[in-house]
Amino acid sequence: MALLLAMGRATGQATHAETIRAGVAAAIGREDVAVVMAWVGDALVGVIIVQGYTDFMSGEHCASQVALWVDPAHRGTLGRRLVGAAERWARCHGVVRMQLAVQSDSEARLFRGWGYAPRHRTVERRLDEGSR
């Protein structure tokens, strides 16, 4: 298994959802975005995309997960390795705080075990055509 850190460029061909492909494509040429991909042979088995930014309230340099995906057949330690590689990129770029998006209570427990702590809760509403 190979971990590849691509800063500002995509390498290889993503075979997962369009959102991952779109995230990788959007990262091309950007110094504030890192794409870390894991491959087994020609198969993409995991990816994390993080974007650096400056928090407008605290002024701290932060990074936020844009996407994180691990093939179900490769779950176990791969997610932690991907996050660890993204954290190393972030530290090298002066980031002092990194955020991971949580989709479930089990993910929250997993990330807490890696040293992450709950900070904000968000809600979302679509504002495009057809929504009220």
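Biologist: In which helix is the place of Glu87?

Modeller: The model is a predicted one. Residues 78-92 form a helix, and Glu87 has its place there. That helix is α2.

Biologist: Does Glu87 count as buried or exposed?

Modeller: The relative accessibility of Glu87 is 14%. The cut-off for a buried residue is under 20%. Because of its 14% value, Glu87 counts as buried.

Biologist: With which residues is Glu87 in contact, leaving aside its neighbours within four places in sequence?

Modeller: Neighbours within four places in sequence are set aside here. The contacts of Glu87 are then Arg80, Met98 and Tyr116.

Biologist: Which element gives the most to the lining of the largest pocket?

Modeller: The largest pocket holds about 800 Å³ of space. Its lining has 21 residues, and closest to the centre are Leu100, Val102, Pro118, Arg119 and His120. Two or more lining residues come from each of β4 (61-70), β5 (97-99) and α3 (105-113). With 4 residues, the element that gives the most is α3.

Biologist: From which element does the largest share of the lining of the second largest pocket come?

Modeller: The second largest pocket has a volume of about 320 Å³. Among its 14 lining residues, those closest to the centre are Leu68, Val70, Glu107, Leu110 and Phe111. The elements β4, α2 and α3 each give two or more residues to this lining. The largest share, 4 residues, comes from β4.

Biologist: How many charged residues does the lining of the second largest pocket have?

Modeller: By class, this lining of the second largest pocket includes 8 nonpolar and 4 polar residues. The number of charged residues is 2.

Technical notes:
Residues are numbered from 1 along each chain as its sequence is written. This is a predicted model: local features need pLDDT of at least 70, side-chain atom pairs count only at pLDDT 80 or more; totals for chains, interfaces and linings use all residues. Side-chain values use heavy atoms; hydrogens and water are left out. Buried means under 20% relative accessible area, exposed over 50%, partly exposed in between (1.4 Å probe, protein chains only). Contact means heavy atoms within 4.5 Å. On a 1 Å grid over the protein atoms alone, a cavity is a set of points where a 1.4 Å probe fits but cannot get out, and a pocket is an open set with protein on both sides within 12 Å along at least five of seven lines; lining residues have an atom within 4 Å of a point. Grid points are joined across faces, edges and corners, and a volume is the space filled by probe spheres set on the points. Ala, Val, Leu, Ile, Met, Phe, Trp, Tyr, Cys and Pro count as nonpolar, Asp, Glu, Lys and Arg as charged, and the others, Gly among them, as polar.
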